[in-house]
Amino acid sequence: MIRIVPDVTREEFINVGVILFCRTQRYLAARIEMDEARLRELAPAIDVDMVHRQLALIPAICAGEGTIGQMGQAEAFHWLVAPHSTVIQCSPVHSGVTNDLDATLERLVKMQVRRTATT
C-alpha cells in the first residue's frame, strides 16, 4: 500500500495507492487514487498539488521511466517500497498468489484505498 503520512511524528495516514510486483510474470504496476477530501481532513495545510506530483512518479517508475525505473523491475520495486521517513510511504510488503495480476491490483485498490467491500 502507498500511504500519505502528513505528520510522520503522529503516524496517521491514508492509503492512496497500491504497487503490485510479480517477478515471474515481469509485472510491476501501481495504481494511485487519492481522496483529497480525506487528506485535507487529516492535514488541512498540506500541499495537495505537490503530493499529486510526487505520487505521479510511482506509476512512471513502475513503467520503466526515469533513472529508478530503468534499473529494472525488481530494483525499482525494492527502491519504491524501501522504508522512508517522508510524507509518502509504503506499508510493509505482503505476498500472495493470483492468476490475474490486473484484477488483483484493482481488487486491492477497491479494498484498501477506496475502502469498498468485495464479494
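This is a predicted model: local features need pLDDT of at least 70, side-chain atom pairs count only at pLDDT 80 or more; totals for chains, interfaces and linings use all residues.
In soluble globular proteins, nonpolar side chains tend to be buried together. In this model the largest nonpolar core is made up of 26 residues, and those with the most contacts inside it are Ile2, Ile4, Ile19, Leu55 and Ile58. Several elements contribute to this core, for at least two of its residues come from each of β1 (2–4), β2 (14–22), β3 (27–32), α2 (48–62), α4 (73–81) and β4 (88–90). The helix α2 provides the largest share of the core, namely 6 residues.

The loops call for a look at the backbone. Most residues other than glycine have a negative phi, and most peptide bonds are trans. Glu11, which sits in the loop between β1 and β2, has a positive phi of about 60 degrees although it is not a glycine. With a relative accessible area of 62%, Glu11 is exposed. Arg26 belongs to the loop between β2 and β3, and its phi is likewise positive, near 55 degrees, in a residue other than glycine. Arg26 is exposed as well, its relative accessible area being 61%.

Technical notes. Residues are numbered from 1 along each chain as its sequence is written. Side-chain values use heavy atoms; hydrogens and water are left out. A nonpolar core is a set of buried Ala, Val, Leu, Ile, Met, Phe, Trp, Tyr and Cys residues joined through side-chain atoms within 4.5 Å. Buried means under 20% relative accessible area, exposed over 50%, partly exposed in between (1.4 Å probe, protein chains only). Helices (H or I, at least four residues) and strands (E, at least two) are DSSP runs, numbered from the N terminus.
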